[in-house]
Amino acid sequence: MQMKKLVVGLINVFSLLFFLPAQEMTLTVEDACAIAMKENVSIKRSQIQLNQKERNSKYSWNSVSPSVSANASVSKPLPGETGSDKSTVSAGISLRSTFTSNLYSSIQSSRLALEQQQISYEDACRTVELNVRQVFYYLLYQSENISIQEKALETAKQQYDSNLARYNRGLLSRLDVLNAQVSYQNAKLNVDSLKTDYDSSVKSFLNVLGLPSTTSLKLSGSFDSVLGLRKISLEEKEINSPGIKSLENQIQSAENSVLASRFSAYGPSLTATYSYNGSSTDGGENWNNGGSLSVAASIPLDGVMPWSSSHQNVESAKDNLADLKLQLKSEEENLQIEIEKNLGKISQIQNGIELRKSSINLAQSSYKMTLESYNHGTRDLLALQTAHDNLLQSRVSLLQEAYNLISQILQLEYICGFDFGSLEN
């Protein structure tokens with residue numbers, strides 16, 4: 001009976017693990033970003049590194065913490081006819097501490113390393129958020145494209161059914177029926193292919209968010225706001241590029257490295273040692289105590305010789321500092337070029353969107369007129385299909401331009417260090 005209960009229990013567990021119904025979830029882009037900030041693996045790993053740097057910075061003074069050692073011993077003579085049988089006991093403790101002139105630079109180095117890791121952590125979060133937003137809007141584009149293609153499929157099905165009925169009444173040739181059937185089947189294959197690609201993209205998106213792959217995802221959003229977006233301006237906005245922040249921190253670290261190398265080459269060090277030792281030869285009844293305190297100072301002289309490794313370390317640290325300053329200047333120039341390039345692309349896409357809107361209106365009118373002519377027998381099926389394809393392509397092209405625009409805006413916000421979504425407002 002117990003074995004039977006165990007088997008039933010295991011079956012229930014496996015059922016829960018492998019046959020759970022898919023969890024349904026409706027997400028806005030902000031919801032997706034919030035989940036990613038909490039569940040994304042790369043952010044969690046970066047947080048671990050940040051915690052490590054925080055500990056290192058908190059105890060960066062530990063080089064002056066004294067080293068402590070203790071010793072103790074007991075010896076007892078073997079039993080004999082003569083001599084004392086009392087134990088000999090000894091115990092001692094020593095403390096040693098070294099004070100170097102580069103203590104300050106060591107503490108500064110840990111502080112700057114923490115700041116650099118904070119920059120890296122923030123950049124990791126922003127990179128994940130950029131990816132999440134871009135994929136979200138790509139999925140939204142795919143979803144709306146599928147809706148358009150499904151409507152096209154429905155239209156193709158209606159056209160095929162209509163042509164088949166007219167053919168059965170002897171009002172249409174078989175060739176027109178076959179062409180309509182081919183168009184309908186191609187539209188169905190296209191929709192199936194788009195849905196397969198969409199499902200694959202959703203699985204990848206769930207992995208980025210850190211959600212189970214069984215989650216049934218529904219997106220809440222639209223491209224309406226970006227389609228009505230006015231000209232974007234960066235006036236009165238403070239640019240806070242993560243790349244420049246990182247280089248500025250590296251320059252501070254390099255300046256601190258120059259100071260540390262100078263301390264190592266020329267700075268004195270002070271070592272203090274205290275030791276205590278006590279012993280007893282009568283089993284601990286009487287103790288002989290002794291101790292000592294010593295202080296030693298040393299000043300390196302190698303740094304004054306230009307061929308010494310200490311002197312060369314100082315010069316190398318200076319060279320690294322100069323190189324980083326050049327990198328910062330180049331990064332600032334490249335950032336300005338990238339900003340202008342992105343603004344140019346955004347303006348170009350916005351102009352294209354206005355043309356796409358106009359094209360949709362024209363294509364809609366053309367399709368309506370062609371359909372009326374086709375129903376009256378003055379236009380053939382090929383002309384109708386061409387007009388319908390033009391209308392469909394115009395709608396899809398507008399959606400694609402909307403996705404391109406929002407992707408370009410997100411990229412601009414990322415390189416400038418703006419809050420995501422701020423330029424859309």
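Guide: The protein has nine helices and six strands, where helices (H or I, at least four residues) and strands (E, at least two) are DSSP runs numbered from the N terminus. This is a predicted model, in which local features need pLDDT of at least 70 and side-chain atom pairs count only at pLDDT 80 or more, while totals for chains, interfaces and linings use all residues. Residues are numbered from 1 along each chain as its sequence is written, and side-chain values use heavy atoms, with hydrogens and water left out.

Visitor: What makes residues of the protein count as buried, and what percentage of the 425 do so?

Guide: Buried means under 20% relative accessible area, exposed over 50% and partly exposed in between, with a 1.4 Å probe and protein chains only; by that cut-off, 35% of the 425 residues count as buried.

Visitor: Why is the largest set of 66 residues called a nonpolar core?

Guide: A nonpolar core is a set of buried Ala, Val, Leu, Ile, Met, Phe, Trp, Tyr and Cys residues joined through side-chain atoms within 4.5 Å, and the largest such set here has 66 residues, so the name applies. Among the members that touch the most others are Val 132, Tyr 137, Phe 205 and Ile 409. Helix α9 (residues 381–416) gives the most to this core, with 14 residues. Apart from it lies another core, of eight residues, among them Ala 156, Tyr 160, Ala 180 and Ala 187.

Visitor: Which residues is Phe 205 in contact with, leaving aside its neighbours within four places in sequence?

Guide: Contact means heavy atoms within 4.5 Å, and on that basis Phe 205 is in contact with Ala 32, Val 132, Val 135, Phe 136, Leu 139 and Leu 217.

Visitor: What makes a set of grid points a pocket and not a cavity?

Guide: On a 1 Å grid over the protein atoms alone, a cavity is a set of points where a 1.4 Å probe fits but cannot get out, whereas a pocket is an open set with protein on both sides within 12 Å along at least five of seven lines. Lining residues have an atom within 4 Å of a point, and 17 residues meet this for the largest pocket, with Ala 156, Ser 183, Gln 385, His 388 and Asp 389 nearest its centre. The largest share of that lining, six residues, comes from α9.

Visitor: How do you know that the space in the largest pocket is about 310 Å³?

Guide: Grid points are joined across faces, edges and corners, and a volume is the space filled by probe spheres set on the points; for the largest pocket this comes to about 310 Å³, and for the second largest pocket to about 160 Å³.
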